[in-house]
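Colleague: Please take me through this model one site at a time, and give the cut-off behind each term as it comes up.

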Amino acid sequence: MNADKALWGGRFHEKPSSLFTRFSQSISFDWRLYYQDIQGSIAHARMLEKIGIIDSKESEEIQSALSEISHQIEQGQFQWSMEHEDVHMNIEYALTQKTKAGLKLHTARSRNDQIATTMRMWVKEEVQKIFNLLCRLQAILVQWAEKYTDLVIPGYTHLQRAQPVSIAHQILAYVEMLERDKEKFLACYKSADVLILGSGALAGSSLPLDREYVAKLLGFSKVSENSMDGVSDRDFVLDFLYGGASLGIHLSRFAEDMILWSSSEFGFLELPDSFSSGSSLMPNKKNPDIFELLRGKSARLIANLNRLCILLKSLPLTYNRDLQEDKEPLFDSADTIESSLEILIAMIPELNIKTANCLERAKDPLLFATDITDWLVQRQVPFREAHHKVGELIGYCEKNSILLSEAPESVLSRIHPDLPKVWKELFDPQKSLDRKKTIGAPNPSSVRQRIAHWKERLKTTNAL
């Protein structure tokens, strides 16, 4: 075969334009699929031998040459060429230079089903890495929550102080979010776990391919049932990017809480020097750069999902070259997810909660307005009436420049005759949490049970 000809160039009389080559190449980013491509090719060679298309000597030569190529790539000795467009054709070209048997490897195989299979293998492996990192991050957060099970802080709605909660309860909220992210990535793994190889360009093959055998070799649990859908399906990539976007949103929300907590106005958290930066102008600054970057990187993850949605929305069946553009957002999201999780796993144990400040903020009397309302409801005061009476009391205190906890007995007794007797108790942060008995509330006993639940669960689900 003429080395100057592209592997697909038999019907062409001229070489591709250099502009065409530069514009259409994908080797600059899809080289990352080399391992999966080689494993897929080895499995394909074994199947071709099994059905008698190649003999055992040819199969052995192909597999040996592919292993040699894999070693060269891992050692940084392989020369990637833009002339061969993508990872698949670079490897195939190198294979044909090592053995003539390599010319037979592409039998009953198109780059369409080859790409789809290789990407699914890569996604499955990436999901396993991310799932493990998510479990590790959850474990770090659970340890952090356990350290501060009884520490009370103000909970917020509308970024206004609302009711007392434990800091552990808020941290565990993010453990719950990460669990939902794990479920999304598990769904992605399931959607990717389908062998496409054997679908050909779009219409399968007239050769007696043993697709179930290839699926077993490559670790796929199923074989695709429609060749046209198989080569054009990128739903598994959408699932991955959706999982990444969801995770990005959750990490961004966590980052925002940490940024607020570390501000002078909140004062709940001290950032470690090793994960903070200063100002080039103001020597007093200690900036939460990592959390700000995490908040910013969520935009990349959301944009990558949107990018593929737009790419796929109007593609006719089956394969179209537009689908080459699916890899960069996939790779970018995977890299962003991994680096984000890794830095949080390293950083969270270094964060220092300012206990005294948290306790001081939790004494704000207005945090207990709902406790007072509930106390009245338990004494048969209709909720709307109780709500109104407490609201009036707060207005009275504000007008007279006194704290709610210092309201005069004469005013309290008009709301309910027994209220003055219990008034001071209603402003105890710990007792407020103890009164929260509903499932999912920040009652310290419930929080401890939830921590125990997560510790046990993460022992048995720390990997796929």
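**Sites in the chain**

Colleague: Leaving aside neighbours within four places in sequence, which residues is S333 in contact with?
Modeller: This is a predicted model in which local features need pLDDT of at least 70 and side-chain atom pairs count only at pLDDT 80 or more, whereas totals for chains, interfaces and linings use all residues. Residues are numbered from 1 along each chain as its sequence is written, and side-chain values use heavy atoms, with hydrogens and water left out. If contact is taken as heavy atoms within 4.5 Å, and sequence neighbours up to four places away are set aside, the partners of S333 are F240, L241, L301 and N304.

Colleague: Is S333 buried or exposed?
Modeller: S333 belongs to helix α12, residues 327–347, where helices (H or I, at least four residues) and strands (E, at least two) are DSSP runs numbered from the N terminus. With a 1.4 Å probe and protein chains only, buried means under 20% relative accessible area, exposed over 50%, and partly exposed in between. Because its relative accessible area is 1%, S333 is buried.

Colleague: In which loop does S224 lie, and why does S224 count as buried?
Modeller: S224 is placed in the loop between β4 (222–223) and α9 (227–232), and, not counting residues up to four places away in sequence, S224 touches V194, L195, I196, S199 and R211. S224 counts as buried because its relative accessibility is 12%.

Colleague: How many bridges join β1 to β2?
Modeller: Two strands pair if DSSP finds at least two bridges between them. β1 and β2 form a hairpin with 2 residues between them, and P154 has P164 as its bridge partner in β2. The two strands run antiparallel, and the number of bridges that join them is 6.

Colleague: What is the phi of H158, and is H158 buried or exposed?
Modeller: Most residues other than glycine have a negative phi. H158, in the loop between β1 and β2, instead has a positive phi near 55°. Because its relative accessible area is 77%, H158 is exposed.

Colleague: Which residues is Q163 in contact with, leaving aside neighbours within four places in sequence?
Modeller: Q163 sits in strand β2, and counts as partly exposed because its relative accessibility is 29%. Its C-alpha atom is separated by 32 Å from that of I343, 180 residues apart along the chain. With neighbours within four places left aside, the contacts of Q163 are I153, P154, G155, L367, T370 and K436.

Colleague: Which residues lie nearest the centre of the largest pocket?
Modeller: A pocket is an open set of points on a 1 Å grid over the protein atoms alone, where a 1.4 Å probe fits, with protein on both sides within 12 Å along at least five of seven lines, and lining residues have an atom within 4 Å of a point. β1 (152–157), β2 (160–166), α7 (167–192) and α10 (235–262) each supply at least two residues of the lining of the largest pocket. The lining has 23 residues, and nearest the centre lie G155, Y156, T157, Q170 and D257.

Colleague: Which helices do the buried residues of α14 pack against?
Modeller: In α14, residues 369–377, the buried residues are A369, D371, I372, T373, W375 and L376. These buried residues pack against α15 (383–399), α16 (409–415), α17 (419–422) and α18 (429–434).

Colleague: Which peptide bond is cis, with omega near 5°?
Modeller: Most peptide bonds are trans. T318 lies in the loop between α11 (289–312) and α12, and the cis bond runs from L317 to T318.
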